Amino acid sequence: MILANSPTITSNATTPKTVAVLAVQGAFLEHRLMLEKLGARVIELRQARDLEQSFDRLVLPGGESTVQAKLLREQNMLEPLRERIAGGMPVLGTCAGLILLAKNVEGNEVNGFGTLDVTVKRNAYGRQLGSFHCDANFGDLGAVPMTFIRAPYIAEVGSNAEVLATVDGHVVAARQGNQIGTSFHPELDDDTRIHQLFLNL
């Protein structure tokens, strides 16, 4: 589903990147379509044997973070993926994916990867503001469209991470090395710049 029309860029990479998209639960299809639009090869991770495929980066989509973490453990994928992320493999986590990456989650033990030095507040905007859309500056990209769906926000950013975007005083995107986490869903808008940034890591 595409929610907004915004400027796009196309990939200028000569070698296609292979992106693994976590597909145990949540909204992974839109990520796949956008990445393929940019020329990437995309595979889906559903069980441990899928990790035997060759891939050089990872997308953690929106959905239900506690369910995703549970399924990752049950499918014996959590630790192997954590090792790859800690080893520097580029990763993009959106909404629930941000929560999975976060070192700390306020008031909740999600038990995800814990590799991104931030503290996240789940369902931070509450039900009345559960879904909204805005435009805000994102790193060096300038203003990008942002679609929030029952989104978390980043309550604290540790010394190892940097703020990429804020909305109404709340941090909604952060980066640590090759890890990018966003509270919003860049895959739901036509603007491809965040996914291109991820592919360029």
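User: Before we start, what does buried mean here?
Analyst: A residue is buried if its relative accessible area is under 20%, exposed if that value is over 50%, and partly exposed in between. Please keep in mind that this is a predicted model.

User: Let's go to the rings. How many aromatic pairs are there?
Analyst: Searching the whole structure gives 3 aromatic pairs. One of them is formed by F132 and F148, whose rings are stacked, with 4.5 Å from centre to centre and 5° between the planes. This pair links distant parts of the chain, since F132 belongs to strand β7 (residues 131-137) and F148 to strand β8 (residues 143-149), 16 residues apart.

User: Are those two buried or exposed?
Analyst: F132 counts as partly exposed because its relative accessibility is 22%, whereas F148, at 1% relative accessibility, counts as buried.

User: Why is the pair of F138 and F184 called edge-to-face?
Analyst: The planes of F138 and F184 stand at 90°, and their ring centres are 6.2 Å apart, so the pair is edge-to-face. F138 sits in the loop between β7 and β8, and F184 in the loop between β12 (179-182) and α5 (193-200), so this pair ties together parts of the chain that are 46 residues apart in sequence. Both F138 and F184 are buried.

User: Which residues do the ring pairs link into a cluster?
Analyst: The cluster consists of F132, F138, F148 and F184, linked by ring pairs.

User: Switching to α5: how many of its residues are buried?
Analyst: Helix α5 is mostly covered, with 6 of its 8 residues buried, namely R193, I194, H195, Q196, F198 and L199. These buried residues pack against β1 (18-22), α1, β3 (57-60), β4 (91-94) and β8. F198 also has R57 lying over the face of its ring, at 5.8 Å from the ring centre.

User: At what angle does α1 pack with α5?
Analyst: Helix α1 (residues 29-37) and α5 pack at about 70°, and their axes are 10 Å apart. With that angle α1 is roughly perpendicular to α5, because angles from 65 to 115 degrees are counted that way.

User: Which residues meet there?
Analyst: On the α1 side they are H31, M34 and L35, and on the α5 side they are H195, F198 and L199. Sorted by class, this contact has 4 nonpolar residues, 2 polar residues and no charged ones.

User: Last one, N76: where does it lie?
Analyst: N76 is in the loop between α2 (65-74) and α3 (78-86), and it counts as exposed because its relative accessibility is 57%.

User: What is N76 in contact with, apart from its neighbours within four places in sequence?
Analyst: Leaving those neighbours aside, N76 is in contact with A48 and L51. N76 and A48 are 28 residues apart in sequence, and in space they are 5.8 Å apart, C-alpha to C-alpha.

Terms used: Residues numbered from 1 in each chain as written. Predicted model: local features only at pLDDT ≥ 70, side-chain atom pairs only at ≥ 80, totals over all residues. Heavy atoms only, no water. Phe/Tyr/Trp six-rings, centres within 6.5 Å; stacked < 30°, edge-to-face > 60°. Helix = DSSP H or I, 4+ residues; strand = E, 2+ residues; numbered from the N terminus. Buried < 20%, exposed > 50% of the residue type's maximum accessible area, 1.4 Å probe, protein only. Lys NZ or Arg CZ within 6 Å of the ring centre and 35° of its normal. Axes fitted to C-alpha atoms, helices over the stretch in contact; angles between N-to-C directions. Parallel < 35°, antiparallel > 145°, perpendicular 65-115°, else oblique. Contact = heavy atoms within 4.5 Å. Nonpolar A, V, L, I, M, F, W, Y, C, P; charged D, E, K, R; others polar.
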